[in-house]
Amino acid sequence: MLSSASRQSQPTIRCAVRFRPCIDIHKGKVKQIVGSTLQDLKEDGSNPVTNFESDKSAVEFANLYKEDGLTGGHVIMLGADPLSKTASLEALHAYPGGLQVGGGINSDNCLFYIEEGASHVIVTSYVFNNGQMDLQRLKDLVCIIGKERLVLDLSCRKKDDKYAVVTDRWQKFSDMYLDEKILEFLANFADEFLVHGVDVEGKKLGIDEELVALLGKYSPIPVTYAGGVTVMDDLERIKAAGMGRVDVTVGSALDIFGGSLAYKHVVSWHIQQEALIV
């Protein structure tokens, strides 16, 4: 791990502030679900809270993002069912190299998804075991596909005034808390981080500005924040809090997912940000 002196001598890594689109798939359909309500099996027979279900296919969304020149979007399989897998593959085939994929990724299937057109695979629960990081699994993934193809999902919830990484569909707290040392260490094994603010995700409650600031200050690699974006001003707040180093994904708030925030306005904002980068 780097010493304080060596960290200070390194140039600051500045990431482009970009809009990262998403395609969340549940039982083969593109949906927006409150992620904290999603489980594989509900003993009480209840269903996850669905904000929106699209009549458009995953392929149609992939083609839309391709036409608008948006890269680094996230295709997330919200279930292990065959229909979701098929839909995700169709999206990857429609936009090869333009999308990342997550949901049930492990050392057995990670290379398969890369070969099917994913630029990266997104991993969370697989590298945690009973709430603890399984470093060997993480190293195995890096050996198979390379650090440059791996995105670590460090989605988190507040616990004891700190941000604890949550796994297993955001139901289980790990013993890992996001801070400078953890982000520096994990950056050795990943190309990017993806971080959902689980307490606000899917609820259109506004962003978790404290979390964005933490990521902007301490992440040594590109990082994308998700959760709570409702209005255009939230994008500017993320840009400011993250010091221009945190990308953003928007889901339920977008009009293409039943919300009131115009997708075309977000894309225009994205284009303006790219124009600012030297």
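Biologist: Are helices α8 and α9 roughly parallel or roughly antiparallel to each other?

Modeller: This is a predicted model, in which local features need pLDDT of at least 70, side-chain atom pairs count only at pLDDT 80 or more, and totals for chains, interfaces and linings use all residues. The axes of α8 (residues 232–241) and α9 (residues 263–276) come within 10 Å and cross at roughly 30°; axes are lines fitted to C-alpha atoms, for helices over the stretch in contact, and angles run from 0 to 180 degrees between N-to-C directions. Angles under 35 degrees count as roughly parallel, over 145 as roughly antiparallel, 65 to 115 as roughly perpendicular and the rest as oblique. The relation of α8 to α9 is therefore roughly parallel.

Biologist: Which residues of α9 meet α8?

Modeller: Residues are numbered from 1 along each chain as its sequence is written, and side-chain values use heavy atoms, with hydrogens and water left out. Contact means heavy atoms within 4.5 Å. From α8 come M232, L235, E236 and K239, and they meet, in α9, H265, V266, W269, Q273 and L276.

Biologist: Is S252 buried or exposed?

Modeller: S252 is found in the loop between β16 (246–249) and α9. Buried means under 20% relative accessible area, exposed over 50%, and partly exposed in between (1.4 Å probe, protein chains only). S252 has 7% relative accessibility and therefore counts as buried.

Biologist: What distance separates the C-alpha atoms of S252 and G227?

Modeller: Along the chain, S252 and G227 are 25 residues apart. The separation of their C-alpha atoms is 9.4 Å.

Biologist: What is the bridge partner of C22 in β5?

Modeller: Strand β2 (residues 22–26) and strand β5 (residues 73–77) pair in the parallel sense over four bridges. In β5, C22 has as its bridge partner H74.

Technical notes:
Helix = DSSP H or I, 4+ residues; strand = E, 2+ residues; numbered from the N terminus. Pairing = 2+ DSSP bridges.
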